[in-house]
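Q: Can you walk me through this structure, one feature at a time? I would like the general idea, then the case at hand.

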Amino acid sequence: MTAASLLRRLMLSVPTLFGVLVINFVLLRVVPGDPIAMMIGPGATPEDIQNLREIYGLDQSIFQQFLFYIRDLFNGNLGISISMRQDVVELIGGRLPVTLELAFVAIVIALVGIVGFGITASMWKGHWPEVLIDAFSGFVQAVPDFLWGLLFILIFGVLWAFMPIFGRMDLTVEFDPATQFYLFESLLRGDFVVFASVLQHIVLPALSLALPLIAVGTRLLKSSIIEAMAQDYVQLARVKGFSHFRIVVSQAFPNALIPTVTLTGVQMTFLIGGTVLVERIFGYPGLGNMAIDAVINRDLPLIQGIVLTFAVMFIVLNILIDMTYAFLNPRLRHD
Amino acid sequence: MRINSIKRLKKCLVAAVAVTAVSLSAAGVVMAGGKDSLTIAYHVGVPAWDPTTGLSSVNPQLQSIYKSVFDQYIDQNPDLSFKPGLLTDWGWNDDRTKVHMTVRSGAKWQDGEPITAQDVVWNLNRASDPASGNPVAGFIWASVGDFEINGNEITGTVKSYTADYFKWMAFLTGYLIPPHYYEKVGKEGFEKKPMGSGPYMVDKFERGSYVRLKANPYYWGGKPAIENVVFKFVTNPASRIAEIESGSSDLTLNIPFEEYDRLKDKSGLVGVTTPVSDIAMIFFNDVEPFLDANVRKAAVHAVNRKALVDRLLKGYGVPLHTLEAPEYAAYDPSIKVAYDPELAKSLLAESGFSPSNPVELTIQTTRGYLPKDYEIIQAIVGMWRKVGIEAKIDVYEVAKHYELRAQDTLAPAAFYNWGNSVGDPQDSTGHAMFGPSPHSVWDTDDLDGMIGPLWGELDENKRIAGWKKVSRHIADNAYVLPLYQQVQPVIHRSGLSFTPYVSNFILPHTMGW
């Protein structure tokens, strides 16, 4: 991807983001569920209700509210959360690293799984490893994503209770972090007790997120490798006397990566979206978990902030995927 | 060169796998249950710490955590009766134009500073200030003002008489926060490091995950028996069940009754069910077809409450005939509305309806918000169908219910759960049925005419008798369909002494190992 095309992509993302802002803002105010109606106590008077509307700026027209929202947005202000009474930027800033860290570990697990299973299945094509991996992929795809979390909780938290099923780290472990990236920070600090605890807690939610991606990616990688194995350059490698393993790994695999990266990239957006339910199930204090609370409480500023953050994440992710795609496919670099 | 790179990569991979494997095996799952600690898998998280303002302050489910950290002016016993909190004495003068309160001597905030009468007045004035964001500032807290202090004694002038003013001191938003600390750290600082005078201090709070509490050495009620308490915010019921089954938590609540029955029989676990101050009910709206008294009465007589409780809730519920639970001040056990489908049929026949020519209406309900809410409504719709009422179920979110109710645009029938942990009739029948209230659905002059004078009734006996008459009038005219009192299932580890509260509080300072 050239600098010019990157710039073009970035500029195109501006109207996309604005569209997200408008739709999100209007939809939230059109759908039923008034935050003030949820807040009023049994003895609240009409004056109490009006007063609360004024406090939260909901006494203005939707258009006026939107103008104030855009004005504040340009000043880096996403408003104050109605339910948490904290600055939305600060709240999202505290939770986003948690979700990013979880997504990162899930993606690492997914990539290791895809490459491992994909190469194994194509190496032993027609033999039991391929049958086993195909069956595994089919089974994983047949089970709804969120159910994996519940299944893992049952298996590893109750029946065979050796993995933690709640939270981000053991509550008895003391850690005074400078950032919210506990896993990376503890590793960099060499605090292996914290690292172990955070890693233990992240494995099951990350695996729940990674499994569907592994299933889809493995199938595609396998078929791409098998397709590549029929190409002339692979025949030439065979003639040269390369081992089967070397042919698969060094000749067919790099060429089979391009469609896999494309599909994996698309699936990654689903993975990020999947954090919402998985974080909820595992009590993981990320952005997704907070999103559900925000929706339940009709916390308009917080929902708007979270949706905007997810939109930015998706745009950035798509640009990164395109850049990776261009890196892997030299023809695209000259387009 | 390339071979060296591959070798280095291999070494790195092996090292990474080794670190991961060692890390995973090194850390074990920490089990709950030490003598000085208690872990509770709680069903909601704390969004905000100020217990007197904002959305969280009127969320009944958060009160257990607030009560662990903050004191209320007046406290409650497990049976809803009242007892001294930070106030040791309170009351009205004879003509109810003045109030008096006595602040507990020797009580301290969690930083060791003494709690003074000035602190109490600061809190009362703040609660009544509309700018503070207290959701009931006007109706409750502004009803008394012009406070005067004399040592530990406070007197105030009644601006508009509210009979349950003191009961609200044990209810939603009736908490005290330390003025000196709040003014020093501000609103945002308080949210980050809250402080009160309750039995526990906030030791560590991870938003959306847990709060760790430490016993307050300055607590006027004595240091709690359990030193460390963790409320884990486990919002998913399946995860709460896993928490207690795996031994990661010592106590959990709000789980499906089927799971409760299974868990209570497991070795090492104890189950406790308590009827709590939450009432499942169906609001009737004063729109067609419920303007026809025969239709309303038929809709009430056709419902078999006992069958609903026995079959759908596995017996975990108390059938009710009014909006007053047995523990409430104005409960009248003599008010009964018979289950009589034949009577229902004849009433409908008087209005020209029958099972073959049913009256049609819409009933709104949540699905999954309350135990078996949708199933209960399905069953009621089935009971109604047999007598000649054809109801269409409209499922909505609870947020929509609040909005529609505030606008008085609910469907003719709407399922809801009404909580009232102080048991005063004003806070159940009153606000639910009095037309001008933003929470009422049925608005007719006959009922408003009966309820109106009760708000200002000074004689407590007359007031309670008046509310009983209102309940009877409502039952006779079928203005609402009360269903049952909810039951709270709690599972805890054996060895833990747990005190159930009708108010649905889970209070660690009342527990011990």
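Q: Which residue of strand 7 of chain B does Lys98(B) stand opposite?
A: Strands of a sheet pair through backbone hydrogen bonds, either parallel or antiparallel. In this predicted model, Lys98(B) stands opposite Thr157(B) of strand 7 of chain B. Strand 5 and strand 7 of chain B pair over five bridges, in the antiparallel sense.

Q: What is the strand order in the open sheet of chain B?
A: The four strands come in the order 4-5-7-6, with antiparallel pairing. Strand 4 (87-92) and strand 6 (144-150) of chain B are the edges. Each has a single partner strand, so one side of each has no neighbour in the sheet. From one strand to the next, the twist averages 20°.

Q: How many bridges join strand 4 of chain B to strand 5 of chain B?
A: Five bridges join them, and the two strands run antiparallel. Take Gly91(B) as a case: its bridge partner in strand 5 of chain B is His100(B).

Q: Which helix packs on this sheet?
A: Helix 4 of chain B, residues 117-128, does. Helix 4 of chain B touches strand 5, strand 6 and strand 7 of chain B. Its direction makes about 170° with that of strand 6 of chain B.

Q: What lies between strand 6 of chain B and strand 7 of chain B?
A: Two residues do, and the strands form a hairpin. In the turn, Gly151(B) has a positive phi of about 65°. Ile149(B) stands opposite Ile154(B) of strand 7 of chain B.

Q: Where is Phe205(B) found?
A: Look in strand 8 of chain B, residues 200-206. In a regular strand the side chains alternate between the two faces of the sheet. Now count neighbours. Phe205(B) has 18 other C-beta atoms within 10 Å, so Phe205(B) is partly exposed. A buried residue needs 20 or more. Val230(B) is 25 residues from Phe205(B) along the chain, yet their C-alpha atoms are separated by 9.7 Å.

Q: How do strand 8 of chain B and strand 9 of chain B pair?
A: They pair in the antiparallel sense, over six bridges. They form a hairpin with three residues between them. Gly208(B) sits in the turn, with a positive phi of about 80°. Glu206(B) has Tyr210(B) as its bridge partner in strand 9 of chain B.

Q: Which residue of strand 10 of chain B is the bridge partner of Tyr210(B)?
A: The partner is Lys232(B). Strand 9 and strand 10 of chain B run antiparallel and are joined by five bridges. Strand 9 of chain B is mostly covered, with five of its six residues buried.

Q: Which residues touch the most other members of the largest nonpolar core?
A: Ala106(A), Ala210(A) and Phe231(B) do, in a core of 163 residues. Helix 9 of chain A (residues 192-228) gives the largest share, 20 residues. A second, separate core has 63 residues, including Tyr328(B) and Leu348(B). Back to Phe231(B): leaving out residues up to four places away in sequence, Phe231(B) touches Ile40(B), Tyr42(B), Ile65(B), Tyr210(B) and Val211(B).

Q: Is helix 12 of chain A mostly covered or mostly exposed?
A: An α-helix has 3.6 residues a turn, so residues three or four places apart point the same way. Helix 12 of chain A (residues 287-296) is mostly covered: seven of its ten residues are buried. Among them are Leu287(A), Met290(A) and Ala294(A). The buried residues pack against helix 5 (88-123), helix 11 (244-281) and helix 13 (300-328) of chain A. Arg298(A) follows helix 12 of chain A and has a positive phi, near 50°.

Q: At what angle do helix 5 of chain A and helix 12 of chain A cross?
A: They cross at roughly 130°, and their axes come within 7 Å. The two helices are therefore oblique to each other. Helix 5 of chain A brings Leu91(A), Ile92(A), Arg95(A), Leu96(A) and Thr99(A) to the contact. Helix 12 of chain A brings Leu287(A), Gly288(A) and Met290(A). By class, the contact has five nonpolar, two polar and one charged residues.

Q: How many residues of chain B are in contact with chain A?
A: There are 57, in contact with 55 residues of chain A. Helix 7 of chain B gives the largest share of the chain B side, six residues. That side divides into 26 nonpolar, 17 polar and 14 charged residues.

Note on methods
Residues numbered from 1 in each chain as written. Chains lettered and ligands numbered in written order. Predicted model: local features only at pLDDT ≥ 70, side-chain atom pairs only at ≥ 80, totals over all residues. Contact = placed C-beta atoms within 7 Å. Nonpolar A, V, L, I, M, F, W, Y, C, P; charged D, E, K, R; others polar. Core = buried A, V, L, I, M, F, W, Y, C linked by C-beta atoms within 7 Å. Buried ≥ 20, exposed ≤ 12 C-beta atoms within 10 Å, placed from the backbone. Pairing = 2+ DSSP bridges. Axes fitted to C-alpha atoms, helices over the stretch in contact; angles between N-to-C directions. Parallel < 35°, antiparallel > 145°, perpendicular 65-115°, else oblique.
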